[in-house]
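Please look over the sequence and the structure below before reading on. The notes that follow are numbered so that each can be checked separately.

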Amino acid sequence: MRDGRRAAMTQAPTLFALAVLVSLSIAAPAQQRLQVERDLHLTGGFVTALAWSPAGDQLAVGGMIGDLVVLDPSASAEPRAPRVLRQAATPGNLVDTVGNIAWSADGQRLVFTTRTGTQRVDANDGTVLAAREAVFCHGVFVPGTTDLLGIDTNGTVHRLDGDTLRTVATIGMPAGSPAGRVAVSPNGEQLVVGTTHRCQLLVFDLATGRELREIPHDPGAVQGLAWPPGVAEPWWLAGRDLHLWGNTQRFVGDVLVCAADGARVAVCQTDGWKLLTRDGGTLALGPDHGVLALHPDGERWARGDDGRIDIGIGNQVVRSFESPVRFQNMHEGQLAGDGEFVFLAGHRGALRGFAAADGAPCSVEGLPQPGTLLAYDDGPELVWAHGRDQVTWWRPRRGAAPEPVRSLTFDLGSAELQGPPRQSGRWLTQTYRAPVDVEQQLPSPQPRMNGLPLPVEGGETRWVAASLHELQFLKDDGKTVLRTLPIEGAIAFAVSPDRKRLAVATWQDALVVEASTAKVQRGPTGIRELAWIDDDTLLGVQAGAHRGWRLVLWPSGAAEVSAHLPLGDGYALLLDISRSARRALIGQEGTARIVTWR
């Protein structure tokens, strides 16, 4: 249940992986327990690395939350089922983000980096063959050997044994000039290094580590290095200089990608990728950025951007499909149909539905996409907003497309400034907006309130306007202020099922406030998300300084929680609950987690 939530983040999803986890449960003194029922994952995640196999029949894809996937993206047919070689154990921990990827010459091994080091894996099943911490391979093999080059956190270049990833030799950089990029000459005798702090291009004897010379260039960062076969001098992109095929030209760019045979080069500029050829030709590949890999056939290329992968020839995209790595921002979700169905939305509002019991896909046919899921307090229907002002309620059905129930026009406003709209009982509300009566499909007679309007039933109090620093208790007219309660740093609100109490999560502790009297009971600290599972108990997401995130049960009159379920380190959101099904939906970076309480 998303109360006072910031706007959701990016990427277009598709079902890719479903993992039914071993149930985690912790017994509670109050005879309640929390239990993970299943995890759902979506694809369409952010692509951070691409690499074609030497034969060009496979494409390795790295993702932001640590996935490494291999697929065959044929230009004439649908890609075959991807081969998942790695999924990070703690999605959302960005130290697992996949950086450079390199194939062995026989196409049987892959070497890739994360923010903690380098791994060498079997390209068929993902078996880890070797690992090295704190040394980051740049995907550069030493010609004629299986050795690789890596750079450690101090900027020292390491020559790594290709089988074990152990250091064979090191090449130290001049003081104040840590290495940032490397390339090796075709004969394997020389090494060119682009340094970071002083932005130098230095050439070394690879066998002895002796510095041979410095290559002058336009002042500025070294953005790319390559040393393709049959070329006497390295190619580089530095400052405003681009040096290719023996010529230096003015060419500002951010990334340099070179084909294995040196016949083509791609440079990323502010308006997209440019493809350069030996004859001086330049092809613009469109406005998209992302990462790019050039196919060894001399024609094709692959680009990963915006949750999809494009396969192109020349300057034309011939195939486009969603990326096979997991979508990383699980920030929108609903339980509908009395908790029987789960609906998840991702970047650009692509929607997918699943059966909560077994994770099987269910239809979302008929729902206009893209759109936005709106929070609905324990509601049976799916509330879907699309366009600038259209909100529709849908009744999900087993084995059939959802059925529209009602719709109305409601200007969605600015989610960044006002937060997303949400339904509470019969009212559709948004911060600093007059509520709308969903049943009558008419604006209420109440005026715009100074905060998020929350309908309550506490004597004369019929509305609470909840804001960051105070709660205003109002009569039914929405104008007469009965009392004001100062609070500090409110981040989430939830009204009890009987409408008599309001729970507030603040940056310090959680509060339960009586609607009729504004009497306050203080609860546990660290609560970031909350929802009432009945009139006396709340479910919350709790952040701990040293123990990670937890899902907790909290009796409303108690200062401490009665049961907890560890969620790990990734930031967790309580997306929705179903009281009848006793289910909660948790969004945690790359995972949508269904949790039950019993």
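1. Is Thr506 buried or exposed? The model is predicted, and in it Thr506 has a relative accessibility of 4%. Buried means under 20% relative accessible area, so Thr506 counts as buried.

2. Thr506 belongs to strand β50, which covers residues 501–506. A polar atom of the Thr506 side chain lies 2.6 Å from the backbone oxygen of Asp509. Leaving aside neighbours within four places in sequence, the residues in contact with Thr506 are Glu488, Gly489, Ala490, Ile491, Leu511, Ile527 and Arg528.

3. Strand β50 is part of an open sheet of 4 strands, in the order β49-β50-β51-β52, and the pairing is antiparallel. At the edges are β49 (490–495) and β52 (520–525), each of which pairs on one side only. From one strand to the next, the twist averages 20°.

4. Which strand is joined to β50 by 5 bridges? The partner is β51 (residues 509–514), and the two run antiparallel. Opposite Ala505 stands Ala510 in β51.

5. In soluble globular proteins, nonpolar side chains tend to be buried together. Here the largest nonpolar core has 19 residues, and those with the most contacts inside it are Leu34, Leu539, Leu551 and Leu574. Two or more residues each come from β3 (33–43), β54 (537–544), β55 (548–555), β56 (563–568), β57 (572–578), β58 (583–588) and β59 (591–597). Another core, of 18 residues, lies apart from it, with Leu452, Ala466, Leu471 and Ala515 among them.

6. What does Leu539 touch, not counting residues up to four places away in sequence? Its contacts include Leu34, Leu551 and Leu574, which are also among the residues with the most contacts inside the largest core. Leu539 also touches Glu529, Leu530, Ala531, Ile533, Val552, Leu553, Ile577, Ala584 and Trp597.

7. With a relative accessible area of 12%, Phe251 is buried. Not counting residues up to four places away in sequence, Phe251 touches Leu237, Arg240, Asp241, Leu242, Val267, Gln269, Lys274 and Leu276.

How values were computed: Residues numbered from 1 in each chain as written. Predicted model: local features only at pLDDT ≥ 70, side-chain atom pairs only at ≥ 80, totals over all residues. Heavy atoms only, no water. Buried < 20%, exposed > 50% of the residue type's maximum accessible area, 1.4 Å probe, protein only. Polar contact = N/O pair within 3.5 Å; in protein donor to acceptor, adjacent residues only side chain to side chain. Contact = heavy atoms within 4.5 Å. Pairing = 2+ DSSP bridges. Axes fitted to C-alpha atoms, helices over the stretch in contact; angles between N-to-C directions. Core = buried A, V, L, I, M, F, W, Y, C linked by side-chain atoms within 4.5 Å.
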